[in-house]
Amino acid sequence: MTTAPAQAGWRFRQPSVIPGFGLTLGFSLAYLTLIILIPLSGLIWRSAALGWTDFWAIATDRRTVNALQISFGTAFVAAAVNVVFGTLVAWVLVRYRFPGRRIVDAMVDLPFALPTAVAGIALTTLYAPNGWIGKLLMPLGIKVAYTPLGIVIALIFIGLPFVVRTVQPIMEEIDKEVEEAAATLGASRFQIITRVLFPGLAPAIITGFSLAFARGVGEYGSVIFIAGNLPYKSEIAPLLIVIRLEEYNYPAATAIAAIMLALSFLMLLIVNLVQTWSRKRYG
Amino acid sequence: MEVRVANVRKEFERFPALHDVSLDIKSGELIALLGPSGSGKTTLLRLIAGLERPTRGKIFFGDEDASQKSIQERNVGFVFQHYALFRHMTVADNIGFGLKVRHGPTRPPAAEIRRRASELIDLVQLSGLEKRYPAQLSGGQRQRVALARAMAIEPKVLLLDEPFGALDAQVRRELRRWLREIHDRTGHTTVFVTHDQEEALELADRVVVMSQGRIEQVGTADDIYDTPNSPFVYGFIGESSSLPVKVENGEIWLADRPIGLQAPHASEGDATLYFRPHDVELLDGCSGCIAGTVVASRRVAGTRRVELEIGGERQRVEIELPVDHPAAQKSRVAFRPGRWKLFPPA
């Protein structure tokens with residue numbers, strides 16, 4: 001008598017009848033290796049040459065720690081702000097038909113297309129103490145340019161399309177009938193939004209958040225103009241890497257990069273796990 | 001709860017979807033709105049629910065004018081063709097939703113909501129599936145959840161928009177019988193929309209036949225089937241055949257021959273004769289009958305459907321014969337309609 005063989009712990013998901021599974025998987029892996037894995041392992045390799053003590057010294061250096069805090073902190077705040085207002089923008093674009101909607105829709109993508117340095121310079125001009133907006137904020141005691149707040153504003157600008165473009169298609173798919181059903185059951189407009197629509201959008205919003213966040217962590221061009229780049233105060237990690245490179249201190253530069261890489265990977269992994277969990281629930 | 005639709009007109013951007021429709025629905029009745037697509041049946045249902053507002057006219061729930069009330073205040077249970085379940089909620093949460101969103105003292109305590117949800121889950125025979133999400137259910141199960149969700153709020157009226165339209169034939173028949181049982185047990189006044197006449201005739205106490213934004217006929221399955229009051233109803237409900245005829249001296253003539261039918265009260269002149277293909281009397285000889293040449297013969301389930309060409313004008317009609325009837329082999333068949341009706345010429 002034969003019994004079914006014990007299932008191995010690892011198994012490929014059952015491939016479909018469409019042929020080419022082996023070929024496409026092989027190509028994808030080779031491609032990812034070439035484009036992402038080799039450069040990144042080069043990075044690890046170089047920073048490993050540093051030795052553990054030196055690496056630890058660089059990693060715990062106050063300037064490095066501050067730069068990392070600023071990079072991740074501002075990216076987080078900016079992504080959080082973008083989640084709120086990006087969802088709102090997506091809502092307006094999906095739900096209402098108004099003259100100029102197409103133009104607004106196209107405008108959302110501008111931060112994608114604009115050279116980031118241009119955005120940085122424009123924002124700096126506006127928010128500098130003598131700029132149009134900076135002038136108005138100055139009397140209130142709010143300083144934007146050359147502070148972490150300025151970095152946040154630049155990152156909000158850069159990250160907005162990521163949230164809008166991930167939430168928008170999911171929002172368009174929402175069935176009008178689901179809202180009508182909630183209304184017939186007695187739910188108010190507010191309850192429909194908070195209890196029915198928003199939970200359905202949550203996975204898309206999380207994705208938008210993680211994209212905007214990842215982009216914010218790595219952003220360089222727009223930030224360096226508005227940040228002021230004061231060490232310990234408004235210096236971002238990517239800038240610190242460039243500074244180290246200019247000092248020909250390659251091991252220090254790669255060490256900081258490796259730390260950023262590890263932190264980013266960790267955060268994206270967590271977001272992905274949250275995604276998987278919510279997708280399993282909502283199917 | 002009685003529902004009275006009084007002279008309701010509905011326009012969508014100047015295009016009229018309903019013309020002056022009036023309908024009385026008795027308390028506890030199960031009513032079908034039946035019609036082809038574009039007949040306004042769904043619009044009428046949505047007007048009753050409050051999902052649309054009438055351009056003119058009023059809708060009463062009992063003696064109360066409901067037309068000025070919002071959807072939330074109307075307290076109707078609405079079931080959609082594509083279920084419209086909340087996919088991020090479990091079956092139990094979906095069903096409890098209508099109670100959970102209530103405010104203040106009208107909101108039952110959590111334990112009561114849970115108890116009520118599990119009662120309804122039993123009623124719709126989904127016990128054991130409380131914790132499932134809609135994505136993990138079959139179409140028929142989802143529609144049961146949708147119905148339980150609508151019933152949870154103790155609605156004044158239960159409205160169903162093509163509730164079985166998205167399901168396959170087998171499940172449809174099963175759910176149909178089951179809906180009738182639930183209705184008999186709970187006694188909710190229920191209105192459902194369908195384009196499937198079999199469903200309407202089998203399930204409903206009364207059927208409202210609609211066409212082009214108007215009500216054509218309201219009646220029981222027997223009324224509608226046996227005495228259709230318009231050519232549309234004749235054509236839409238069941239099979240029908242028609243022939244252009246003439247009435248002279250109270251007798252019906254087809255071309256130059258009388259066909260043996262008396263119509264003493266019909267107005268003289270041209271008319272159209274309607275009859276059911278299965279309700280015919282086959283004749284041997286032909287003096288006073290309709291005779292035609294067999295041009296096609298098809299086997300349809302338990303009967304044979306024969307297409308005949310009649311007279312010089314080659315009018316085509318269909319009649320049904322028993323499968324083993326010898327007339328099916330013949331090239332010429334003579335018959336006379338059993339139950340028939342005359343309408344003005346088309």
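1. At roughly what angle do the axes of helix α3 and helix α4 of chain B cross? The axes of α3 (residues 91-100) and α4 (residues 110-123) of chain B come within 9 Å and cross at roughly 125°. Axes are lines fitted to C-alpha atoms over the stretch in contact, with angles from 0 to 180 degrees between N-to-C directions; helices are DSSP runs (H or I, at least four residues) numbered from the N terminus. α3(B) is therefore oblique to α4(B) (under 35 degrees counts as roughly parallel, over 145 as roughly antiparallel, 65 to 115 as roughly perpendicular, the rest as oblique).

2. The model is predicted: local features need pLDDT of at least 70 and side-chain atom pairs pLDDT 80 or more, while totals for chains, interfaces and linings use all residues. Residues are numbered from 1 along each chain as its sequence is written, and chains are lettered from A in the order in which they are written.

3. Among the residues of the largest nonpolar core, which has 107, B:Ala32, B:Ile48, B:Leu159 and B:Val208 touch the most other members. Such a core joins buried Ala, Val, Leu, Ile, Met, Phe, Trp, Tyr and Cys residues through C-beta atoms within 7 Å (buried: 20 or more other C-beta atoms within 10 Å, C-beta atoms being placed from the backbone). Helix α5 (residues 139-151) of chain B supplies the largest share, six residues. A second, separate core of 54 residues includes A:Val89 and A:Tyr127.

4. Between the chains, 18 residues of chain A are in contact with 22 residues of chain B (contact: backbone-placed C-beta atoms within 7 Å). On the chain A side, α9(A) gives the most, with six residues.

Conventions:
Helix = DSSP H or I, 4+ residues; strand = E, 2+ residues; numbered from the N terminus. Buried ≥ 20, exposed ≤ 12 C-beta atoms within 10 Å, placed from the backbone. Contact = placed C-beta atoms within 7 Å.
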